[in-house]
Structures are given as structure tokens and as C-alpha cells.
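Subject: Structure handover

Hi,

Here is the structure for you to look over. My notes on the salt bridges and the sheet follow below.

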Amino acid sequence: MKKKKRLFSVKKKMNLFVILTVFVVALGSSAIAFGTSVYQIDSYYRQIASDNAKNFASMVDGDFLGKFKTYIASDEYQKIRDAAEEAEDEAPVEQYLKKNNLWNQYYDIRTRLTKYIENIENLKYLYVVAHGGKDATQDMYLIDDESTDMYETGYYEGRETELLGVDLEHSTEPRISNGDWGWLCSAFYPVYDSQNRCVCVVGCDFDMEEVMQERFEMLMYLVGGSLLITIIVAFLGVIIVNKVISKPLNAMTQEMKKFNPSEHSDYKEAGVINLDIKSNDEIGQIYRGIRSMQTKIVDYIDNLSELKKDKKKAESYIKDKEEQIDKLSEERYKDALTRVGNKAGYIKKAEEINQLVKDEHLEYAVAMIDMNNLKLINDDFGHKSGDLYIKGCCKMICETFKHSPVYRIGGDEFVAILLGKDYKNRIDLVKKLKDAYKESYIQENTEPWLRYSAAVGFAEHASDDYTIELVFKRADKAMYEDKAAFKEVYGSYR
């Protein structure tokens, strides 16, 4: 014995939907607010880091720094620097710089750099680094502020992981990172000498520790607030949904179970639904629709009972009704003259295509055909000749696109939606149709209404075409281009 599936009621679904919707909206709003704040703050720090690196780079002498880098990178100086660092004595470094006439400019840049840091809020580090190129694994520090020991000048330090493989001369995009020095926003700007060679870069680090702490606290507030709003709004939403939707639907479900029509029973005896639902919304429409359907069933059973007395009459009546319904359904989408689809049929098909494209991948193209000179034929030879002209042009379309639906969407306009085999051969088929119209048009010994002529344009569905209307517009444009080309060759059609 199969186990009966447990009912997952509309009430549960609606409540779950309300709760999830409120949660997603609250969480999404919080995420957007948080993301916007993060973007604005990060953009601000990147901008000030970049501006300050660029500004200080403009304040130093590139020619001096090029010369300075050469002395500092020498083996002689590096030995002096190592000894000074080991002894923790700055004097040897100062003596070396004075001996080589480097001290005054070095001291001036170091002092200026120190004052710059003191006057810029949250500026943690400002330094000048020798440019080592993209493949460098170490950077040599040329000048630091006065809080750094002087024998650190010329110190080689391994390049940070996120900067490996980066050419600091061309890396102008500031970076926000969390490394050995904490959260920093770092920017670099090159310094050039008079020969336009990059001799070093100015590094600028802004402290973002406090910003990141505040960002974390804001995230916690947003998450907590989102959860609180979700609980309150979801609770109110569930109450409203139950009152407006779930309760009426449940009442209708119970009443529908009582419906049991039989021959010669009236509405009450048959259990036709009868509730006090007068709302002018979808629930009210469903209720009135169910009641109308039930009353029609009761009436139909009564009528059927009468018709049983004459079986043939009943069968004929039912058959006629079915044929009328089928005919009306079919004719609704047919063009009376050509028997291809009409504009309503095209609109219906377009909706189907749009849905198929949304649900799955679909390859198709649209061919737009506009007959030439229909008005002239109608005016000069009468509408009967015009009808023959329309049918002839339509027949050529149908014979070309044998595997695709064709629609007449205007007096002289046709659309074909190329699918399957026709889509695969679209280029050849469109050319074939154009050639056929051209061949028909140049038959000067044929009656004018039998010299079929039309402009043809087509367009293929692309991955970013979310509706068939976009493809239709390109096909329509191509058709007008074809019509213009026709006019250039043949002038005023005939």
C-alpha cells in the first residue's frame, strides 16, 4: 500500500514565501548599504593615498635620487650600513653621505617627508624606494621619515607577496591589504630624472585599522537589524496573508468537496459553492469562477438528461459545438486571404519564443518581407488583382521556408520565424527568396499583379536578445535597406 503524500498547503507555501521574501529583501538591502559604504570609503582612501604619493613625488629631485641610489647601492656603502646597523650607530652613515656631498639634499628630503607625515591625518608611512622593476623580489629603501634609524637607508627588504610581479612604475592603482603592518591602503608613484628615467618610487601607506574595525561593527549592526526587521515584517505579513488569502482559499476548498451534482438536482442540492466572498481581487475572481463553473455543470447535466431522450440529437449537438470551438480556435490565428498566420498568431508565437529563450537555448532567426507596389496594383488593376498579388508573394515565402511558421502582420508585410532546418540553411534560403522575387519582377511580359516583388531582410537571435522584438527590429531594418537598394536599381518599382 502506497503511503499517502503529506499535503503541503497553500497557506504554508504563502507563509514560507512571505518569510523568505522579507528575509531576502532585508538581507539584500543591508548588503547593498554595506557594499555602498565599503566602496565609498575604499574609494576615498585610494584617492587620498594616490594623491599624496603623487604630490610628494613632485616635491623631490629625480636627478639627485638617481645619483643617491647609485651611491647607496654600492658595496662600499652597504658594508658601512651593515656595520652601522650592527652597532646601532647612525654616525658612519651620516659621515659617508657628507663625504660624498649627499647629506644636505638627503637631510632636506628626510625632514620634508617627516613633516608631511605629521600634517596628514591617518598617513602612517611615507617613503622613497629604489625602483627594482617588475621581476624584483626585493626593494631597497632610500629615504624614510626621522622616526626610522638612518642606517635603514639602503636596507633591502623582501617584496610583499601582493606586489610580486608588479611594475611599481606603472602600478598606479592603490591597494588595500592586511599584512605584517596591519590594514593599509598603499599607493605608489614614480619619480623620474631629467632623462625621463624612473629612478625610484614614492610609497604612501594610510592606516585603515580603525576603518576596518568600524566596518565590522557596522556589518554586525546591519545583520542584527535585518534579522529584527525580518521577524517583525514577516510576522505581520503572515497574519495578512492568512486573512486575505489562506482563509478564503481554505473555505473554498472545503465547500468544493461538497459539490456532487446529479440529474434533476438544483444548485443547493448539488452543493454549489456559496460563500460570503465579495472581494474584487483574484480570490474573488476564483470564487466567482468556481461558482459559475459549478452552476454550468449542474445546468449541463440537466440539459444532457434531456438530450439523452434523443441520442442522435445529443451527439449531433455535441459534435457541432466541438467543431465550432475547434474552428473558432483555428480561425482566430489565421489570415483569411492567405491562410497563413495572422498578426494575433504572430504575437502568440512571439510569446512562445520569448518563453522558450528564457527557459532554454533556442536557435532561430526572423525574416521580414514587405511587398513592393501593392497600392499601385490595387489602384490600377483593382483589389482582386491585389489579392492575387498578395497570395502569390505569400506562396513564394511558404515554398522557401517550408519548415517555419509564416505570418501576415499587415496589408503588405509578412514575417517568417526560421527554425530547425530552415534556420540551419537561413543564409541560402534568404538569398533564394530574394533571387526568386527578382526573377519574378523582371518578367516584363507577365501581368503586373503576377510579377511578384518584395524587400527581404533577416536577423539572427543573439545571446543578448532577451525578446524576439529585438531580432524583429534588426530584420525590419535590414528589410528597409533591401528596399532602398531595390529603389536604387529599379527606381519607382514598376
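A salt bridge here is a side-chain nitrogen of Lys or Arg within 4 Å of a carboxyl oxygen of Asp or Glu. By that criterion the structure holds 15 salt bridges. Bear in mind that the model is predicted.

- Lys98 and Glu94: the closest N and O atoms are 2.7 Å apart. The two residues sit four apart in helix α4 (residues 91-99), so about one helical turn separates them. Lys98 is partly exposed at 43% relative accessible area. Glu94 is partly exposed too, at 25%.
- Arg112 and Asp108: the closest N and O atoms are 2.5 Å apart. Again the spacing is four residues, about one helical turn, this time in helix α5. Arg112 is partly exposed at 28%, and Asp108 is partly exposed at 37%.
- Lys395 and Glu399: the closest N and O atoms are 3.9 Å apart. Both lie in helix α12 (residues 383-400), four residues apart. Lys395 is exposed at 52%; Glu399 is partly exposed at 42%.

Shared partners also join Arg81, Asp82 and Glu85 into one salt-bridge network.

Now the sheet. Six strands form an open sheet in the order β3-β2-β1-β6-β5-β4, with antiparallel pairing. β3 (156-158) and β4 (175-179) are at the edges with a single partner strand each, so one side of each has no neighbour in the sheet. The twist averages 40° from one strand to the next. β1 (residues 123-130) and β6 (residues 198-207) pair over seven bridges. Tyr127 stands opposite Gly203 in β6. Helix α5 (residues 103-119) packs on the sheet and touches β1 and β2.

Best wishes

Methods: Residues are numbered from 1 along each chain as its sequence is written. This is a predicted model: local features need pLDDT of at least 70, side-chain atom pairs count only at pLDDT 80 or more; totals for chains, interfaces and linings use all residues. Side-chain values use heavy atoms; hydrogens and water are left out. Two strands pair if DSSP finds at least two bridges between them. Axes are lines fitted to C-alpha atoms, for helices over the stretch in contact, and angles run from 0 to 180 degrees between N-to-C directions. Contact means heavy atoms within 4.5 Å. Buried means under 20% relative accessible area, exposed over 50%, partly exposed in between (1.4 Å probe, protein chains only).
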